[in-house]
Amino acid sequence: MNCFYGNYGYQLDAKNRMRMPSKFRADMGKEYLITLGAGGCLIVLHQQLLETLNQKMSQLPLTDVEGSKAIRAFTAFGENVECDEQGRFILPQELKKYAKIDKDVRIVGAGNKVEIWSQEVWTANNKEFTIESYENALDGLSKYGI
């Protein structure tokens with residue numbers, strides 16, 4: 001399974017195109033799914049992760065109302081995108097609106113997925129980043145055995 005690290009600043013061009021960093025594109029390929037993420041970001045899933053998620057979602061009983069709502073929330077706004085030869089793709093308008101992206105974007109490696117943030121939202125969420133907040137975040141991972 002791929003793991004993505006680092007963060008990169010980019011700008012949308014006049015046609016709402018943006019670049020996937022070449023470092024990420026090497027592992028993600030040219031086609032992926034973008035959907036809504038937590039905290040106002042968008043998440044980008046490569047094909048291998050998407051296949052794993054689809055397999056798990058297909059095992060949900062049809063009678064599981066809460067599970068169906070969760071899957072619907074996750075999939076309803078998903079958009080498949082494909083990079084051109086320069087590594088650019090068009091950011092769909094509804095996703096752009098959800099993430100409050102105007103021009104400046106921050107692309108963040110987030111383990112097995114990539115996140116796309118409005119630069120303004122990213123900055124606001126991280127303006128009070130401290131050693132203590134980092135240590136608290138690390139401590140929160142312990143419940144997952146990390």
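Me: Over how many bridges do β7 and β8 pair in the antiparallel sense?
Reply: In this predicted model, β7 and β8 form a hairpin with 2 residues between them, and Gly111 in the turn has a positive phi of about 75°. Within β8, the bridge partner of Val108 is Glu115. The two strands pair in the antiparallel sense, and the number of bridges between them is 6.

Me: Which residue stands opposite Val108 on the side of β7 that pairs with β1?
Reply: Strand β7 also pairs with β1, again in the antiparallel sense, over 5 bridges. Of the 7 residues of β7, 5 are buried, so the strand is largely enclosed by the rest of the structure. The residue that stands opposite Val108 of β7 is Asn7.

Me: Which strands stand at the edges of the open sheet, and why is one side of each left without a neighbour?
Reply: The open sheet is made of 6 strands in the order β1-β7-β8-β4-β3-β5, with antiparallel pairing. Each edge strand has a single partner strand, so one of its sides has no neighbour in the sheet, and the strands in this position are β1 (7-11) and β5 (79-82).

Me: By what angle are neighbouring strands of this sheet turned against each other on average?
Reply: One of the neighbouring pairs in the strand order is β4 and β3, and these strands, residues 42-46 and residues 31-36, pair in the antiparallel sense over 5 bridges. In that pair, Thr35 has Ile43 of β4 as its bridge partner. Averaged over neighbouring strands of the sheet, with direction ignored, the turn is 30°.

Me: Which helix packs on the sheet by touching β3, β4 and β8, and which helix lies across β7 and β8?
Reply: The helix touching β3, β4 and β8 comprises residues 47-58, and its direction makes about 95° with that of β4; this is α2. The helix lying across β7 and β8 comprises residues 119-126 and runs at about 100° to β8; this is α5.

Me: Which residues have the most contacts inside the largest nonpolar core?
Reply: The largest nonpolar core has 21 residues, and the elements that give two or more residues to it are α1 (22-28), β3, β4, β7 and β8. A second, separate core of 9 residues includes Leu45, Val108, Trp117 and Val121. Inside the largest core, the residues with the most contacts are Met20, Ile34, Phe89 and Ile116.

Me: Which helix gives the largest share of the lining of the largest pocket?
Reply: About 390 Å³ of space lies in the largest pocket, and its lining consists of Val108, Trp122, Phe129, Ser133, Tyr134, Ala137, Leu138 and Leu141. The largest share of that lining, 5 residues, comes from the helix spanning residues 131-141, namely α6.

Me: Is Asn16 buried or exposed?
Reply: Asn16 is placed in the loop between β1 and β2 (17-19), and its phi is near 60°, a positive value in a residue other than glycine. Since its relative accessibility is 19%, and the cut-off for this class is under 20%, Asn16 counts as buried.

Me: Is Lys100 buried or exposed?
Reply: Lys100 lies in the loop between α4 (93-98) and β7, where its phi is near 55°, a positive value in a residue other than glycine. Its relative accessible area is 63%, and the class above 50% is the one that applies, so Lys100 is exposed.

Notes
Residues are numbered from 1 along each chain as its sequence is written. This is a predicted model: local features need pLDDT of at least 70, side-chain atom pairs count only at pLDDT 80 or more; totals for chains, interfaces and linings use all residues. Side-chain values use heavy atoms; hydrogens and water are left out. Two strands pair if DSSP finds at least two bridges between them. Helices (H or I, at least four residues) and strands (E, at least two) are DSSP runs, numbered from the N terminus. Axes are lines fitted to C-alpha atoms, for helices over the stretch in contact, and angles run from 0 to 180 degrees between N-to-C directions. Contact means heavy atoms within 4.5 Å. A nonpolar core is a set of buried Ala, Val, Leu, Ile, Met, Phe, Trp, Tyr and Cys residues joined through side-chain atoms within 4.5 Å. Buried means under 20% relative accessible area, exposed over 50%, partly exposed in between (1.4 Å probe, protein chains only). On a 1 Å grid over the protein atoms alone, a cavity is a set of points where a 1.4 Å probe fits but cannot get out, and a pocket is an open set with protein on both sides within 12 Å along at least five of seven lines; lining residues have an atom within 4 Å of a point. Grid points are joined across faces, edges and corners, and a volume is the space filled by probe spheres set on the points.
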